Amino acid sequence: MAGITVWNFYFRLFAGSIKAPQVIEFLAHLRRHIRGRLTIIWDGLPVHRSRLVREFVAGLRGRIELEFLPAYAPELNPVEYIWGYCKQHELPNLCPKDFAQLGRAARTALGRMRRRPTLVESFWKQAELF
């Protein structure tokens with residue numbers, strides 16, 4: 001799971017599919033790293049609208065505001081470009097033996113990507129083209 005700001009991106013890797021507890025964990029992760037109010041712009045993943053996530057956000061009393069992208073519009077989501085770049089340029093020939101090896105390689109690659117501000121900026125520019 002990832003989130004992007006103008007200057008950086010944040011990520012957490014989870015085994016299996018993303019469910020409400022993982023979304024809540026990621027939102028808490030963002031709150032620890034980004035001070036102040038947050039506007040989260042989400043795609044149409046059903047878990048983003050789940051009862052547990054809505055209750056968690058409501059409990060923050062306005063510190064997180066939610067907005068949603070139009071349905072079926074992954075090209076508008078700059079986070080999709082993070083994953084695409086990682087798969088095509090950082091990990092294209094990786095054949096991990098297990099999830100732990102994949103996780104280590106992905107964390108290393110994503111960390112490298114985060115240290116390239118022009119790359120982070122390019123994810124926004126790609127989304128703006130649409």
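**Charged pairs, paired strands and a pocket**

The side chains of E121 and K125 meet in a salt bridge, with N and O 2.9 Å apart; a salt bridge here is a side-chain nitrogen of Lys or Arg within 4 Å of a carboxyl oxygen of Asp or Glu. This is a predicted model, in which local features need pLDDT of at least 70 and side-chain atom pairs count only at pLDDT 80 or more, while totals for chains, interfaces and linings use all residues. Residues are numbered from 1 along each chain as its sequence is written, and side-chain values use heavy atoms, with hydrogens and water left out.

**Salt bridges**

- Side chains of opposite charge can pair when their charged atoms come close.
- By the rule given above, the count comes to five salt bridges.
- E121 and K125 are four residues apart in helix 5, and so are separated by about one helical turn; helices (H or I, at least four residues) and strands (E, at least two) are DSSP runs, numbered from the N terminus.
- E121 is partly exposed at 38% relative accessibility, and K125 is partly exposed at 46%, where buried means under 20% relative accessible area, exposed over 50% and partly exposed in between (1.4 Å probe, protein chains only).
- E55 forms a salt bridge with R51, their closest N and O atoms being 3.2 Å apart, and both residues lie in helix 2, four residues apart.
- R37 forms a salt bridge with E65, with 3.6 Å between the closest N and O atoms.
- This pair links distant parts of the chain, since R37 lies in the loop between helix 1 and strand 3 and E65 lies in strand 4, 28 residues apart.
- R37 counts as exposed at 61% relative accessibility, whereas E65 is partly exposed at 33%.

**Strands 3 and 4**

- Strand 3 and strand 4 (residues 64-68) pair in the parallel sense over five bridges, where two strands pair if DSSP finds at least two bridges between them.
- Within this pairing, I41 stands opposite E67 in strand 4.
- Strand 3 has a covered face, made up of L38, I40 and W42, and an uncovered one with T39 and I41.
- In a regular strand the side chains alternate between the two faces of the sheet.

**The largest pocket**

- The lining of the largest pocket has 44 residues, of which M1, A2, G3, V79 and W83 lie nearest its centre; a pocket is an open set of points on a 1 Å grid over the protein atoms alone, where a 1.4 Å probe fits, with protein on both sides within 12 Å along at least five of seven lines, and lining residues have an atom within 4 Å of a point.
- Helix 3 gives the largest share of this lining, six residues.
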